[in-house]
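Take a look at the model below.

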Amino acid sequence: NPEMRKKLEIAKKFSKADSDVLITGETGTGKELFAHSIHSASGRMAQPFVAINCATLPESLLESELFGYAAGAFTGAAREGRSGRFEQADGGTLFLDEIGEMPLDAQVSLLRLIQNGEVSRIGGRTSLRADVRIIAASNRDLRQAVREGSFREDLFHRLNVFPIHIPPLRERNEDIAILARHFLKARPGNRRAEKFSPSALTLLKRHCWPGNVRELENIVLRAALLAS
């Protein structure tokens with residue numbers, strides 16, 4: 001798809017810089033794959049790529065996962081303390097998936113870290129320098145979230161240095177057959193299904209794909225296992 005080719009070229013150019021990237025797009029379009037690719041083509045490729053999904057962690061745990069905690073910081077904390085994802089990503093890239101779901105309090109801490117480049121563990125008395133490139137992703141309209149007051153405007157502008165919007169699969173009809181053949185070839189196990197019939201490809205192209213590329217991959221895997 002021509003529009004997708006443009007996005008790939010933009011991502012290649014962004015990988016050569018060191019500023020933060022904000023990837024937007026519907027669920028299942030491949031935002032994390034883009035983030036991995038940008039990291040792998042960057043000068044940080046030999047350093048860690050650390051990912052955290054901001055939507056899957058409860059608010060009470062999110063900050064300790066991001067920033068870590070000192071020994072005895074709270075009941076149930078590890079005796080020796082624990083490093084956070086920022087420390088673990090030092091020198092590399094931190095991927096913040098579904099950042100639009102991050103609570104406002106954590107957004108304040110994240111903004112402070114981006115501005116200062118220093119990590120303070122929860123309950124700790126010292127700060128550590130962290131050289132981290134942030135790639136954030138969201139399936140929400142963050143500009144609308146800013147207007148609604150659920151996302152900080154200053155944080156949005158700090159992250160939105162290099163924006164990439166990935167189009168949904170229904171707008172990339174040319175890519176459906178390419179992706180379906182790729183998933184069929186790459187599938188593990190059952191090898192009875194080797195190709196798609198013309199009628200099968202027609203059916204795939206007619207579907208609106210609300211789950212995008214992830215849904216297509218799941219359907220191809222299921223069809224390959226059920227093929228006789």
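The text below goes through the salt bridges and then the nonpolar cores.

This is a predicted model: local features need pLDDT of at least 70, side-chain atom pairs count only at pLDDT 80 or more, and totals for chains, interfaces and linings use all residues. Residues are numbered from 1 along each chain as its sequence is written, and side-chain values use heavy atoms, with hydrogens and water left out.

Start with charge. Side chains of opposite charge can pair when their charged atoms come close. How many salt bridges does the structure hold? There are eight. Each is a side-chain nitrogen of Lys or Arg within 4 Å of a carboxyl oxygen of Asp or Glu.

Helix α1 spans residues 2-15. Helices here are DSSP runs of H or I with at least four residues, strands are runs of E with at least two, and both are numbered from the N terminus. In α1, Lys 7 and Glu 3 sit four residues apart, about one turn of the helix. Their side chains form a salt bridge at 3.5 Å, N to O. Lys 7 is buried, at 14% relative accessibility. Glu 3 is partly exposed, at 35%. Buried means under 20% relative accessible area, exposed over 50%, and partly exposed in between, with a 1.4 Å probe and protein chains only.

Another pair lies in α1. Glu 9 bridges to Lys 12, with 3.5 Å between the closest N and O atoms. These two are three residues apart, so about one helical turn separates them. Glu 9 is partly exposed, with a relative accessible area of 41%.

Now move along the chain. Asp 175 and Arg 172 form a salt bridge, their closest N and O atoms 3.1 Å apart. Both of these residues are buried. Elsewhere, salt bridges link Asp 18, Arg 44 and Asp 131 in a network.

Turn to the interior. A nonpolar core is a set of buried Ala, Val, Leu, Ile, Met, Phe, Trp, Tyr and Cys residues joined through side-chain atoms within 4.5 Å. The largest has 30 residues. Phe 86, Leu 96, Ile 99, Leu 110 and Phe 151 have the most contacts inside it. Elements giving two or more residues to this core include β2 (49-53), β5 (93-97) and α5 (104-116). Its largest share, five residues, comes from α5.

What does Phe 151 touch, leaving aside residues up to four places away in sequence? Its contacts (heavy atoms within 4.5 Å) include Ile 99, Leu 104, Leu 142 and Phe 156. Apart from this core lies another, of 17 residues, with Leu 184, Leu 201, Leu 216 and Ala 227 among them.
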